[in-house]
Amino acid sequence: MTALARTSMDGVALRVADTVGWLTTPLMPDDYLGLINPLWSSRKLRGRVEAVHAETKDAVSLTIRPGRGWTAHRAGQFIRVGVDVDGVRHWRTYSLSSAPERADGRVTITVKAAPDGIVSTHLVHRIEPGTVIGLTRPEGGFVLPQPVPSRLLFVTAGSGITPVMAMLRSLVRRGEMPDVILLHSVPRREEVIFGAELRRLAGRFPNLRLHEQYTRSGGRLSLSQLPDLCPDWSKRGVWMCGPPGMLEEAETRWREAGIATRLHVEHFRPVVAASTRGVGGRVRFLPSGQEADADGATPLLVVGEDAGVLMPSGCRMGICYSCTGRLRSGRVRDLRTGREHGEEGELVQTCVSAAAGPVEIEL
Ligand SMILES: Cc1cc2nc3c(=O)[nH]c(=O)nc-3n(C[C@H](O)[C@H](O)[C@H](O)COP(=O)(O)OP(=O)(O)OC[C@H]3O[C@@H](n4cnc5c(N)ncnc54)[C@H](O)[C@@H]3O)c2cc1C
Ligand code: FES
């Protein structure tokens, strides 16, 4: 079937669904459509992985055809992806790496395998084209404003290049490349995701300057190098995505320079407070009643997952509130701040809360 024929069939099916809803109650036509083609369901946003492209030895880009209900993204935004691994559905957050202006309606995410990572290793090493995955609509404020500032500084490390790649691709598509400096660090040259494309862009646009820092041979990229690498760093709009330590250091530096509003950061991992050590306790997950011992530093989400509890989750870093449970008894510790709290009935984000003594939580 040609793409055109398939598209017009999709349209017919959706129009039929809209007009015959009353005939099929209590099951909605959407339920039947979802069985024929999972992408037609309007209740559950899904996508089909159409291609898997190796970027480096441990990173891939997945081309996804989003289903009904998808809304266009802004370059730099992220989505949540629901993937079945060994029969269990896991949700994780990934930045979109494609430009919103892409003409075929497909989007890409680019995933680097984290050591022992459940979802990332599955996506990098095992997922097959044709797999249907759960999706959420794009969200997040790590985006360029309109009009785009005339001078930009991007500072990225490892997979932190993905949202910035979407921005660069979008600027290229719109024919509006401003003065850009991109400082990107990775352990070795062969680990640069999008390396060939970045170098090609830097060759094509004289106002796009690329500095690649190979940390194995050249050491860590330090913000003290900024005056050399980007003398006007304090005058630029800055978008930064990398390890938590680098982002915290930057936030302090930009705040102290009185230019905090110029700095935009994207965290891929939660910032954990230094003082999160404390006693844990026995955790009871309701309504199943499953129990597990927790130390005072492990998120309740991980404690539950390790004990085989079906735990809802999304970003796993305190952003999306997909993981909340209602505290029935006990107290928890917020791993981002180290603060203890616990009111009966309080909603608790399990991904950033650890047990502070015995806990009962209802999911
Ligand atoms: C807004 C946002 C955007 C993101 N965009 C991307 C992206 O474009 N590409 C991408 O590859 N990832 C991205 N991530 C990270 C991604 O959501 C997952 O955290 C990552 O893929 C690890 O998931 P996992 O299931 O494999 O690891 P888990 O099974 O959850 O964790 C296993 C181990 O990996 C460690 N770990 C967890 N997260 C990371 C991480 N980010 N890096 C290194 N080690 C980690 C854990 O500490 C743990 O030891 C993004 C995260 C956020 C919040
Ligand atoms: S999983 Fe997103 S806030 Fe906990």
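In which loop does Asp86 lie? In this predicted model, Asp86 is found in the loop between β3 (78–85) and β4 (88–95). Its phi is positive, at about 50 degrees, although Asp86 is not a glycine. With a relative accessibility of 78%, Asp86 counts as exposed, because the cut-off for that class is over 50%. A positive phi of near 60 degrees is also found in Arg316, a residue other than glycine. Arg316 belongs to the loop between α9 (300–306) and β14 (324–329).

Backbone geometry was also examined at the peptide bonds. Most residues other than glycine have a negative phi, and most peptide bonds are trans. The bond from Gln146 to Pro147, however, is cis, with omega near -5 degrees. Pro147 is located in the loop between β6 (132–135) and β7 (151–157). The bond from Leu286 to Pro287 is likewise cis, and its omega is near 10 degrees. Pro287 has its place in the loop that runs between β12 (281–286) and β13 (290–294).

Aromatic contacts were considered next. A pair of aromatic rings is described by the distance of the centres and the angle of the planes. One aromatic pair is found in a search of the whole structure. It is formed by Trp233 and Trp254 in an edge-to-face arrangement, with 4.9 Å from centre to centre and 70 degrees between the planes. Trp233 lies in the loop between α7 (226–229) and β10 (237–241), whereas Trp254 is part of helix α8 (residues 244–256), so the pair ties together parts that are 21 residues apart in sequence. Trp233 counts as buried because its relative accessibility is 12%, and Trp254 counts as buried at 0%. Arg253 lies over the face of Trp233, at 5.2 Å from the ring centre.

The second largest pocket has a volume of about 340 Å³. Its lining comprises 18 residues, of which Glu55, Ser61, Arg169, Phe194 and Glu197 are the closest to its centre. Two or more lining residues come from each of β1 (46–56), β2 (59–66), α4 (161–173) and α5 (195–204). The most is given by α5, with four residues. By type, the lining divides into eight charged, six polar and four nonpolar residues. Domain 1 (3–135) and domain 2 (151–266) each supply at least three residues to the lining. Arg169 lies over the face of Phe194, at 4.9 Å from the ring centre.

Terms used:
Residues are numbered from 1 along each chain as its sequence is written. Chains are lettered from A and ligands numbered from 1 in the order in which they are written. This is a predicted model: local features need pLDDT of at least 70, side-chain atom pairs count only at pLDDT 80 or more; totals for chains, interfaces and linings use all residues. Side-chain values use heavy atoms; hydrogens and water are left out. On a 1 Å grid over the protein atoms alone, a cavity is a set of points where a 1.4 Å probe fits but cannot get out, and a pocket is an open set with protein on both sides within 12 Å along at least five of seven lines; lining residues have an atom within 4 Å of a point. Grid points are joined across faces, edges and corners, and a volume is the space filled by probe spheres set on the points. Ala, Val, Leu, Ile, Met, Phe, Trp, Tyr, Cys and Pro count as nonpolar, Asp, Glu, Lys and Arg as charged, and the others, Gly among them, as polar. Domain bounds come from an automatic or database domain assignment. Rings of Phe, Tyr and Trp (its six-membered ring) pair if their centres lie within 6.5 Å; planes under 30 degrees apart count as stacked, over 60 as edge-to-face and the rest as tilted. Buried means under 20% relative accessible area, exposed over 50%, partly exposed in between (1.4 Å probe, protein chains only). A charge sits over a ring if NZ of Lys or CZ of Arg is within 6 Å of the ring centre and within 35 degrees of the ring normal.
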